[in-house]
Amino acid sequence: MDKLVSPRRTKEIIDKYGFRFSKSLGQNFLIDENIIYKILDGAEISENDLVLEVGPGIGTLTQYLGDRARKVLAIEIDKTLIPILGETLSEYENIELVHGDVLEIDLNQLINEKFAGEKVKVVSNLPYYVTTPIIMKFLEDEVPVTDIVVMVQKEVADRLKASPNTKDYGALSVAVQYYCEPEIITKVPRAVFIPQPNVESTVIRLKVLDRPRVNIDNRKLFFKVVKASFAKRRKTLLNSLSMGTLGLDKKDIKEALSLSEIDSKRRGESLAIEEFALLANNINKIIKEKPES
Ligand code: SAM
């Protein structure tokens with residue numbers, strides 16, 4: 001069968017099924033083979049790999065994944081695409097389709113069932129309205145993944161990869177870099193999609209680390225400290241952290257900062273992840289030592 005990737009084949013199949021694009025489901029389909037090869041090479045897909053694709057659309061990227069990988073599991077939310085995928089993927093015995101919302105599915109259970117719990121690579125042209133929740137779900141639920149190679153809005157990629165003291169550095173950068181090493185694969189122009197999105201895109205690879213980047217005594221508290229530190233970007237750490245969310249007063253925060261050797265006048269955006277870890281661990285100690293009130 002002809003590959004779908006050309007604009008002509010894409011239009012043909014869409015017309016045949018009377019398919020209508022849904023903006024609210026973030027449907028922008030790829031029509032450029034070069035970008036597909038960059039995604040596959042960026043993810044280093046080989047015949048040993050098990051791949052999970054979020055949102056196959058009409059199956060454009062999926063066909064190429066099927067050619068290169070051992071097995072592909074594709075999760076698509078839009079039921080009007082299921083019969084189309086039935087046709088476009090019919091020649092691939094190593095591709096399995098799941099109809100559902102990736103955010104609702106128990107991914108650990110699914111991977112256990114379909115791949116006997118082996119580690120997978122996530123490869124996807126993500127729906128932009130839910131990029132961050134999808135990435136965070138894989139990481140926070142500790143789904144067995146080695147890599148997440150995804151097309152996202154350029155702005156999101158910049159935030160995922162950002163370093164301290166830059167405008168893009170925020171709670172999302174710290175959360176993702178806690179679990180992963182990010183690497184930009186390529187920038188992507190709007191013209192490679194039907195319909196064209198309003199934003200520029202980037203393919204990014206998040207290599208999941210064997211162990212999180214820093215040692216944390218209380219993960220929930222760590223993420224709370226990170227969030228609170230960025231909530232008011234212009235405030236000093238002392239002020240942002242004693243505003244209530246942590247339940248500690250200025251004296252306690254001062255003590256935690258001083259134990260961590262962090263100047264209380266610094267702002268959240270200047271802290272490296274190692275400093276956030278130290279600070280959160282010291283705050284945790286102070287909370288634990290406090291008598292129950
Ligand atoms: N992979 C195709 C391609 O590159 O041409 C389509 C990519 S399109 C940007 C995103 C796809 O994700 C759409 O097919 C959309 O229906 C699907 N999608 C949106 N939200 C989803 C969700 N919560 N779970 C699973 N699929 C979803």
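Which residue has a backbone N or O atom 3.4 Å from a nitrogen atom of the ligand? The legends below take this up in the first view and then move on through the rest of this predicted model.

View 1. Pro-56 is the residue asked about: one of its backbone N or O atoms sits 3.4 Å from a ligand nitrogen. Side chains join in as well. Asp-101 puts a polar side-chain atom 2.8 Å from a nitrogen atom of the ligand, and for Tyr-129 an N or O atom in the side chain is 2.9 Å from a ligand nitrogen. On its own the ligand has 600 Å² of accessible area, and the protein covers 99% of that.

**View 2. The shell around the ligand.** Two elements, β1 (29-30) and β3 (71-76), each give two or more residues to the shell. There are 22 residues around the ligand, and the ones that come nearest are Leu-30, Gly-55, Glu-76, Asp-101 and Tyr-129.

**View 3. Helix α3, tucked away.** This helix spans residues 60-68, and seven of its nine residues are buried, so the rest of the structure largely encloses it. To pick them out on screen, look for Thr-60, Leu-61, Thr-62, Gln-63, Tyr-64, Leu-65 and Gly-66.

View 4. Is Asn-282 buried or exposed? Asn-282 counts as buried because its relative accessible area is 7%, below the 20% cut-off. Beyond its neighbours within four places in sequence, Asn-282 touches Ala-256, Leu-259 and Ser-260.

**View 5. Two residues with positive phi.** Most residues other than glycine have a negative phi, which makes this pair worth a look. Glu-44 has a phi of about 50° without being a glycine; you'll find Glu-44 in the loop between α2 (33-42) and β2 (50-54). Glu-261, also not a glycine, has a positive phi near 55° and belongs to the loop between α11 (250-259) and α12. As for solvent, Glu-44 is exposed at 51% relative accessible area, and Glu-261 is exposed at 73%.

**View 6. A cis peptide bond at Pro-195.** Most peptide bonds are trans. The one joining Ile-194 and Pro-195 is cis, with omega at about -20°. Pro-195 lies in the loop between β8 (193-194) and β9 (201-208).

How values were computed:
Residues are numbered from 1 along each chain as its sequence is written. This is a predicted model: local features need pLDDT of at least 70, side-chain atom pairs count only at pLDDT 80 or more; totals for chains, interfaces and linings use all residues. Side-chain values use heavy atoms; hydrogens and water are left out. Buried means under 20% relative accessible area, exposed over 50%, partly exposed in between (1.4 Å probe, protein chains only). Contact means heavy atoms within 4.5 Å. A residue is near a molecule or strand if one of its heavy atoms lies within 4 Å of it. A polar contact is a pair of N or O atoms within 3.5 Å; within protein, one must be able to donate a hydrogen and the other to accept it, and residues adjacent in sequence count only if both atoms are side-chain atoms. Accessible areas come from the Shrake-Rupley method with a 1.4 Å probe; for residues, only the protein chains shown count as cover. Helices (H or I, at least four residues) and strands (E, at least two) are DSSP runs, numbered from the N terminus.
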